[in-house]
Each structure stands twice: as structure tokens, then as C-alpha cells.
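Have your viewer ready and the selection tool at hand.

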Amino acid sequence: MTNSNNPSIELRPLEMEDFPALRSLQERCFTGMEPSTKDQFESQLYQFQEGQLGIIYEGKLVASSSSLILDLDEYSDAHSWNEIADEGYIRNHDPEGDTLYGIEVMVDPEHRQMKLGRRLYEARKELCARLNLKRILIGGRLPNYHEHADKMTVYEYIRGVMDKRIYDPVLTFQVQNGFVVKRVLKNYLEDDEESCGYATLMEWVNLEFRQSAQRRKVTSTPVRICCVQYKMRKIDSFEQFATQVEYFVDVASDYKSDFVLFPELLTTQLLSFVDEKRPGLAARELTRFTDHIIEFFRDQAIRYNVNIIGGSHFTMQEDRVYNVSYLFRRDGTVESQFKIHITPSERRWWGVQPGSEPKVFDTDRGRIGINICYDVEFPEITRYMVDKGAQIIFVPYCTDERHGFTRVRICSQARAIENQVYVAMAGTTGNIPSIGNMDIQYGQSAIFTPSDFPFSRDGIAAITDENAEMIVLADVDLEVLRRTRFNGTVTPLRDRRKDLYTTTFKQIIDGKAVYPGFKDEEAKL
């Protein structure tokens, strides 16, 4: 959307590369208010990039606006900015809603005579008309009210602005652009001292809205998950391993699964025909299969049209061994998640080093994260992934006896409840006496849901028998999950006391963190 009269001005959707300029613009426009984080901006672009607009003037970002689509019936009349904007993440964006809700407009103070705000408002109106939405709503600040608060109520102030006896840079501008006051919102923006916490709910009605058009509300976005409870057995070749894995991929595909999850370290089965018996060196031998493993699983995902979380596999990077889970999308793309927390046993027997980057992956069936076994016992990891938009967490695990399994199982269900997210776990069973540290297995695979009325009883969508080779299948619904996060019996994601506690992650690239004092020769070579 380029202005033909002045080619140096461009109005376009924002991109991730615009974040530093956007944050700088926020700091100039909203002095004393906390600017957006990179995670919030990334989530906004993922959820609704069309609604995140910027104006570039002579190569510089000088104005921007942010909005999302909502079904306003799902929100109270006395809503706050945090409630509507999902604390800036807009994960509550509803493509099937009927209202475009504006949550932010900014114009650089040095460029406020260029009518840039009007351009952004007109762009919003065009978007509203093109998407056939009923209206635009805005929670408008009252930045000059603090100058009058000791002399008049907020209602008197608003009437004064409407009668043109008082000037307010936001309310006056919104009225001039065709918006009307619907009501006053109290405690709308807690840190907006200039407005004394007040805002006006402003409405612009789309006269082009097609009343006869039946808006079809999507009530279900189902995703089918298959978890493989994989039996570890002695094999004589890679081909035998491939045959066993392909059997389960084929079954998952026959049942039209969207995802199939394999257990952690299922590839250690290959060590049953590798001569090296010392665990530390055997782990390094196993890394020689990495390219073959990736090629095989990638081919399976494409051939059987299913997204595969390939358990995990020992992978070498810069002469260090890592426990890595690979995501194989059915379009042929591949992603990796390094295990972040390494158990004492893994360090002692295999010499495994930790990864440092919790990731969230986009798929054709929502956003997902992967917690490899021990990682699910650290709640910060799942919370970070959910804050980044994850709707399903996959937990490939491998435990030798019931105590270890119980830790993973209970923590997996706890993560589902506290984060209002689906969690699927898949473990190994069977035994291979010839492989050190993998001689016995204890497993039970399951798919967990939040614990609330729309979900399965006890928060368990499906579960296997213990220690039997089998699969478990269940459908989970991303739309039900979205609604419950905002309208459930309890809403733990929204009710966190961020004024009391926060979790901060350092940016450390995978492969750059090494356990203090760890030396490869300390592993049982």
C-alpha cells in the first residue's frame, strides 16, 4: 500500500525486522510506559500480521497501529487492555469474530503534522470492510485528563471534549475520524497515569457490512495425535529398525493422524548391532547415523503425509554429543529441539551436553513445542513455549522404572493444567540387555488436556496400557482450547501475578553452554 502522490511514504504490514524501530517508536510516544517485548511482537505477527501496520517515511518507521479480530460476546463490558490484548500477545485473535479491535496507534512526535494517524485509521477501515466485519472498537486513552482530574469527573471531561470546550489529542482525533463514544472503561491501562486509568470505548460502524451474509463461526479445529509406545528389541540392521518405525507411521497415517510422536532415544536400538559396548563411545558411534535418520524420517513424513516428532537421537556438534528431537513436517521441512536439562545418568553414561534454546514450531496444525523427557519436569520451559504461542507440547521420554516414569507422567499432566495446553507423551518399553543404560524400560503413553468441563474426564484424552507395545490416538480441539483459555472455569494463563513474579530467559545458542567442569573423558568411556 504505497501512496502514489508521495513515493517516500509507504504504509505496509509490519515485519519482524521492524521490531527495534517499533520499540524505539513506543519509547518516544509513550514515555513512562513499558514497551512491547520481542516475544509479544512476534506473537502479534504470527496471529494477525494484516492487523499490524506501519508507515515508513524516508526509510524510517514513523507511525504504527496494532489490532486483532474478536467476538466481543466473549468479553465483559468492563474489560481491560490486558484482557482484550492478551497482555500484548493477541493469542485470543479470532478470525471468525465480527469486531476489529484496535489496541495501539503511535505517531512519532516529530511527524504529527503529517496526518499519519488518519492514514492508519483509514487503513483499519479498509481492512474492516474487506474482511466484512461489523465494526471497529478502540479503547481510547485520555492523555490530557490528568490536567483536569482535580476539577471534574471523567464524564464531565469527555462531555467537554465532545462539546469542543476541551482538547484531548486522542479523543478529539478519534471523534474527527468518525468514532463515537460507547462507554467509559475504568482501569483499562493500569500504567497510564496521564489518563488516570480511564479509557473511552469508541466505535466505528462498517456501513458496508453485509447483514445477509451468514458468518459461519468455527466451533472446532480438530487435531489428531498418535503416540507410539515403542518396544525396544535387539535388531541386526538399520533396515530392521526402519521397518519397525515405518509400520507405526503407516498405522498413524491410516488413522489420518496429523502428528505421530515417537519416544526419546528410540534410535539407541541401533546400538544392538554396533560393536562398541562402552556407553560414552557408543553414543558417539550412534551420531554417525544422524544423516541417515534425518533422511529416513523426512521421507516417511512426506510419503505418509503426517508430521513426525521422531523421538530423539544422539547428535554430534562441535565434537560434543547432544540429545536432539527432530520435527519432520509433512511438507519435507525439518526442525530440531535440543534437550535442555540433562539427567545425571545421561551425563555419567553418555557424556551428553545440554542445549539452551527452547523453541516453538509452526505447523499446519497449530504451534507446538517439544519437551524431551526431563525437560518437562522444569515448568519454566513449557510456560515459555506457551507464552510463545504453543498449543500442543510433545514429550518423548525414556524411563527405566516406575519412579522415573511417574515423574514424567505427573509433570506432563501438571504442565497441561497450569498452562491450558495439550500434552502428548510417548515412551519406550521392552529391553535390550546388550546396551548399557538401556537394558530395561518402563512406559505408558498418554495425551493430556486441561482439566475443565469442555475436556475429557480427569484431563486424559487417551492413555495406553503399561509396558505393552501399542499406539494411542486422540483428537484434540485447538478452538476449544482457545476459548477455554479466556473463558474457562479457571484461567491460569491470564491470572498470573506478573506484578509479583516473572521468568526471564537468557539468550544462549545451542552448543554454547557446557556443564561446568565437564570433560568428555569423565563419561564412562
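Start by selecting leucine 271: it counts as buried because its relative accessibility is 4% (buried means under 20% relative accessible area, exposed over 50%, partly exposed in between, with a 1.4 Å probe and protein chains only). Keep in mind that this is a predicted model, in which local features need pLDDT of at least 70, side-chain atom pairs count only at pLDDT 80 or more, and totals for chains, interfaces and linings use all residues. Residues are numbered from 1 along each chain as its sequence is written, and side-chain values use heavy atoms, with hydrogens and water left out.

Leucine 271 lies in the loop between strand 9 (259-261) and helix 8; helices (H or I, at least four residues) and strands (E, at least two) are DSSP runs, numbered from the N terminus. Now show its contacts (heavy atoms within 4.5 Å): not counting residues up to four places away in sequence, leucine 271 touches Lys277, Ala282, Leu286, Trp350 and Ile435.

Next, select threonine 287, in the loop between helix 8 (279-286) and helix 9 (290-304). Threonine 287 counts as buried, at 11% relative accessibility. Leaving aside neighbours within four places in sequence, threonine 287 is in contact with His313, Phe314, Thr315 and Met316.

Then move to helix 1 (residues 19-29), whose buried residues are Phe19, Leu22, Leu25, Gln26 and Cys29. What covers these buried residues of helix 1 includes helix 2 (38-48), strand 3 (60-70) and strand 4 (99-107).
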